[in-house]
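Visitor: I am new to this structure and would like a close look at a single part of it. Could you take me slowly through the surroundings of the ligand?

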Amino acid sequence: MGSMPRVAVVGGSLGGLTAALLLRDLGCEVSVYERSTSELEARGAGIAVLEATWRYPVECLGVPASTFSSQTRWVRFVNRDGSTAHESEHPYYLSSWNAVYRVLLNGFGRDNYHLSAEVVEFQDEGDQVRIVLADGRTDCVDLLVFADGISSTARRRLLPEVKAEYAGYIAWRGVIPEAELTAETYGELFDTLSYQVMPNSHILVYPIPGYDGEVEPGKRLMNIVWYRNASAEELEALLLDSNGEKRYVSVPPGLVNSQAVEEMREAARAQLAPQLCEVVENIPEPFIQVVYDINVPQMAFGRVCIIGDAAFAARPHAAAGTAKAAEDGWILAREIAAADGNVLEALANWEPKQLRMGSELIARTSEIGYRSQVANTFEPGDPSLIFGLYGPGN
Ligand SMILES: Cc1cc2nc3c(=O)[nH]c(=O)nc-3n(C[C@H](O)[C@H](O)[C@H](O)COP(=O)(O)OP(=O)(O)OC[C@H]3O[C@@H](n4cnc5c(N)ncnc54)[C@H](O)[C@@H]3O)c2cc1C
């Protein structure tokens, strides 16, 4: 067997950690460089967890998905009056960024996981890549994996022509403890992924683990994702945070300006089914994520590659963002093993598959978004809405 490459992974979120774990399991020496100064910032709130995301914890760490996810049995579309428009049995694992992060980071350990480590420069020197951190530290590796998310430094540097395209809408997000809901609303929502389809809009509501990872019904959080259109001018106003600072990708909990929150709550009272309205209206710190499409023509550049949202960022309608990031890592590890540690050969075999997966996901999710937010041809119970990375339910 050839010697395994030394690897640096930039970005220690779900995509970066999964890749780092898999490459380390192959025998690579792996360091993770993460810009955040501390662990466990509450980020992104709820995520539906598909196979590629739970696979490492379950198969390699022996941590059952039910210990870091809430489970729902039903998918229910509700009408404005709260009655059921369509219901089917379809189980999901639903979790939070924090809960999955905790499992992966515990698996990787802290020795080679560097916080406050922002990578600001890199240079491919042919047989090695050199990276430079903001504090001046450097490292030289055989393979550099950028998992640095939607605002990726590497993407901007390697593919300056690629721009994030605003999809025309944002997602309102937020959580409230289930225990604070009325018994009636809790009863309607606790075992269900609930949807309401409205003209040029739709909302999803589902339970996720509690702040400390609690998965028992009654101790969890109820999470919302409400897609609402915003013109360029409206977007500008939404992204001005309560400190007067202009944001681009998201406005974090507690920092959305009060006028925007008030308008959103008013719209909830006017448009949402009573049980969904109760959740939305009472969320103490709703926050905003902007929906973008990012399409890249290339993911491998010599000894450097980009994975997850650093490469393609797809609209969230397939709930496949973290699964795509993890899958990029699974296939990368498989190709490094197949090439016996030869980085250039492995990346050449890896890239075409990941480009196809990313562009197909973008095409599928932008079609779903178009039908919901523009064409109004989104039907309750539409099978194409079942979450999946490679296709609905897949
Ligand atoms: C409204 C909405 C709903 C979503 N719902 C779901 C869902 O249900 N299921 C799902 O799977 N996905 C969902 N997603 C998508 C998901 O959040 C992303 O696809 C996923 O987080 C991407 O993971 P990543 O590891 O590629 O990047 P990220 O999670 O963005 O992580 C990037 C990391 O890189 C670090 N970093 C950045 N630059 C540097 C640098 N220069 N040096 C060092 N570190 C750096 C950052 O601090 C961060 O930790 C949703 C997204 C949105 C907007």
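Guide: What follows is a walk through the shell around the ligand. This is a predicted model, in which local features need pLDDT of at least 70 and side-chain atom pairs count only at pLDDT 80 or more, while totals for chains, interfaces and linings use all residues. Residues are numbered from 1 along each chain as its sequence is written.

The ligand is surrounded by 36 residues, where a residue counts as near if its C-beta atom, placed from the backbone, lies within 6 Å of the molecule. The closest of these residues are Gly 11, Gly 15, Gly 149, Gly 308 and Gly 321. By kind, the shell divides into 16 nonpolar, 14 polar and six charged residues; here Ala, Val, Leu, Ile, Met, Phe, Trp, Tyr, Cys and Pro are nonpolar, Asp, Glu, Lys and Arg are charged, and the others, Gly among them, are polar.

At least two shell residues each come from helix H1 (14-25), strand S3 (46-48), strand S11 (165-177) and helix H9 (321-338), with helices (H or I, at least four residues) and strands (E, at least two) being DSSP runs numbered from the N terminus. H9 gives the largest share, four residues.

Because domain 1 (6-37 + 115-163 + 294-374) and domain 2 (69-95 + 166-292) both contribute residues to this shell, the ligand lies between them; the domain bounds come from an automatic or database domain assignment.
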